[in-house]
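Welcome, and please take a moment to turn the model around before reading on.

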Amino acid sequence: MNRLFVAAALLVMVFSCSVEQNKIYSLNISSFENVSTTGVTDVSLGILVTAPKYLSQPYLSHRSTPYELTTELYSKWEAPPVKMISENFRNALYDLTFFKDVRILTVQRRDYYCLKINLRRFERFNYNTPLQGVVEFDYDLFTPDDKNILHGVFSQKSPLSDKSFTALAESLSIALKDALTQIVPKVKEEILSRQQR
């Protein structure tokens, strides 16, 4: 009986020493600033983000070759990339104080303008020298009657200082801030120009 207890205790100790520690990584877009606007309009905007399945999960990803993607078991984002992209765009657009309502959608609403984002990459490329953090997506802005009034592609590859996931989080934070800086004013300007016709 004592030998069985000792063996079980040893197994528990071995497994507890060999299990990796879970690590959670965040983006930091806190210094993003919007250009002030004249005031709230009666326009509502929805944000709809789609992505491959692996970007709808919180696990960090990296590519060893153009053909092989690895997702980490113990290293995660604080939320899936789809959700982080949605929330950062919603916050930036809401902070404009231009829209009556800005919300994240799962389906397009007929009474809302809709910013659709198709997220294609949010990961590290290990097969380039230097290593790169990559964010790629295309976006379309639709009117409430489903007319496409703005289309664009955002793609940014940033060299990483090292192979750590902290460096990846820093790189992707900078890339997403750049995306917000470029795209948020275009969305506002396009809708404003239509409202003034």
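Predicted model: local features only at pLDDT ≥ 70, side-chain atom pairs only at ≥ 80, totals over all residues.

As a general background, nonpolar side chains in soluble globular proteins tend to be buried together.

What is F99 in contact with, once its neighbours within four places in sequence are left aside? The partners are V40, T41, V43, L45, L93, V187 and I191.

Now let us move to β7, a strand that is mostly covered. Here 11 of its 11 residues are buried. In a regular strand, the side chains alternate between the two faces of the sheet. For β7, both faces are covered. On one side you will find Q132, V134, E136, D138, D140 and F142, and on the other G133, V135, F137, Y139 and L141, all of them buried.

Which strands pair with β7? One is β6, which runs antiparallel to β7 and is joined to it by 11 bridges. If you look for I117, you will see that it stands opposite Y139 in β7. The two strands β6 and β7 form a hairpin, with 6 residues between them. Another partner is β8, which pairs with β7 in the antiparallel sense over 11 bridges. Along this pairing, V135 stands opposite Q156 in β8. β7 and β8 also form a hairpin, this time with 5 residues between them. In that turn, D146 has a positive phi of about 70°.

Let us turn to the charged side chains. Side chains of opposite charge can pair when their charged atoms come close. How many salt bridges does a search of the whole structure find? The search finds 7.

One of them joins R63 to E123, with the closest N and O atoms 2.6 Å apart. Are R63 and E123 buried or exposed? Both are buried. R63 and E123 are also linked with R121 in a network of salt bridges.

A second example brings us back to β7. R120 forms a salt bridge with D138, and the closest N and O atoms are 3.4 Å apart. This pair links distant parts of the chain, with R120 in strand β6 and D138 in strand β7, 18 residues apart. The two partners can be told apart by their accessibility: R120 is partly exposed, with a relative accessible area of 32%, whereas D138 has 17% relative accessibility and therefore counts as buried, since buried means under 20%.

Finally, have a look at R109 and D111, whose side chains meet in a salt bridge at 2.9 Å, N to O. R109 counts as partly exposed because its relative accessibility is 29%. D111, at 47% relative accessibility, counts as partly exposed too.

Terms used
Residues numbered from 1 in each chain as written. Heavy atoms only, no water. Contact = heavy atoms within 4.5 Å. Buried < 20%, exposed > 50% of the residue type's maximum accessible area, 1.4 Å probe, protein only. Helix = DSSP H or I, 4+ residues; strand = E, 2+ residues; numbered from the N terminus. Pairing = 2+ DSSP bridges. Salt bridge = Lys/Arg side-chain N within 4 Å of Asp/Glu carboxyl O.
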